[in-house]
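Q: I would like to learn how to read the features of a protein model one at a time. Please take each general idea and then show me the case in hand.

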Amino acid sequence: VQLQASGGGLVQSGGSLRLSCEVAGRPVRKYHMGWFRQAPGQEREFVAAVTRSGGTKYYADSVKGRFTISRDNAVNTVYLQMNSLKPEDTAVYHCAVDRPGTNYSATYYSTDVYDYWGQGTQVTVSS
């Protein structure tokens with residue numbers, strides 16, 4: 001399984017970016033998907049997640065109301081629309097495919113329940 005994240009870049013505070021994560025090698029419709037981010041010197045943290053069908057979405061409190069996760073199973077891609085960006089959103093953003101069989105509704109925020117990760121895309125928000 002290969003995940004290719006794209007769409008990052010440099011943006012001013014208050015701006016928007018849309019990240020994409022294209023999955024190759026597996027039909028993404030079979031998997032829950034997550035976005036995480038990692039700033040320099042910090043641990044990887046949960047940002048957003050979406051269930052297989054797209055019917056349930058989860059967000060970190062820090063991004064709720066500003067970020068929207070979505071998926072298009074027909075093109076094996078998951079998206080993260082990021083609005084009202086803040087300097088503290090600066091990080092490398094990674095997408096991930098979940099490990100089947102987990103209690104996802106209770107563990108979606110943990111890196112432990114994801115088997116495959118993309119290389120990440122850098123998001124930098126200037127003040």
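**Reading the model**

A: The link of Cys21 and Cys95 is right-handed, with 70° about the S-S bond. Cys21 belongs to strand S3 (residues 17-24) and Cys95 to strand S9 (residues 91-98), so the pair ties together parts that are 74 residues apart in sequence. Here strands (E, at least two residues) and helices (H or I, at least four) are DSSP runs, numbered from the N terminus. The model is predicted, so local features need pLDDT of at least 70 and side-chain atom pairs count only at pLDDT 80 or more, while totals for chains, interfaces and linings use all residues. Residues are numbered from 1 along each chain as its sequence is written, and side-chain values use heavy atoms, with hydrogens and water left out.

Q: How many disulfides does a search of the whole structure find, and are Cys21 and Cys95 buried or exposed?

A: A disulfide is a pair of cysteine sulfur atoms within 2.5 Å, and the search of the whole structure finds one, which joins Cys21 to Cys95 with an S to S distance of 2.0 Å. Residues are called buried under 20% relative accessible area, exposed over 50% and partly exposed in between (1.4 Å probe, protein chains only). Cys21 is buried at 0%, and Cys95 is likewise buried at 0%.

Q: How many aromatic pairs does the structure hold?

A: A pair of aromatic rings is described by the distance of the centres and the angle of the planes. Rings of Phe, Tyr and Trp (its six-membered ring) pair if their centres lie within 6.5 Å, and planes under 30 degrees apart count as stacked, over 60 as edge-to-face and the rest as tilted. The structure holds ten such pairs. Among them, Tyr58 and Tyr108 have ring centres 3.8 Å apart and planes at 10°, so this pair is stacked. The two residues come from distant parts of the chain, 50 residues apart, with Tyr58 in strand S6 (residues 57-59) and Tyr108 in the loop between helix H1 (104-107) and strand S10 (114-117). Tyr58 is buried at 16% relative accessibility, and Tyr108 is buried at 18%. Both take part in one aromatic cluster, formed by Phe36, Phe46, Tyr58, Tyr104, Tyr108, Tyr109, Tyr114 and Trp117.

Q: Which ring does the charged end of Arg44 sit over?

A: A charge sits over a ring if NZ of Lys or CZ of Arg is within 6 Å of the ring centre and within 35 degrees of the ring normal. The charged end of Arg44 sits over the ring of Trp117, 4.8 Å from its centre, and that of Arg18 sits over the ring of Tyr79, 4.0 Å from its centre.

Q: Which residues of strand S1 make up the covered face?

A: In a regular strand the side chains alternate between the two faces of the sheet. Strand S1 (residues 2-6) has Leu3 and Ala5 on a covered face, with Gln2, Gln4 and Ser6 on an uncovered one. Two strands pair if DSSP finds at least two bridges between them, and S1 and S3 pair in the antiparallel sense over five bridges. In this pairing of S1 and S3, Gln2 stands opposite Ala24 in S3.
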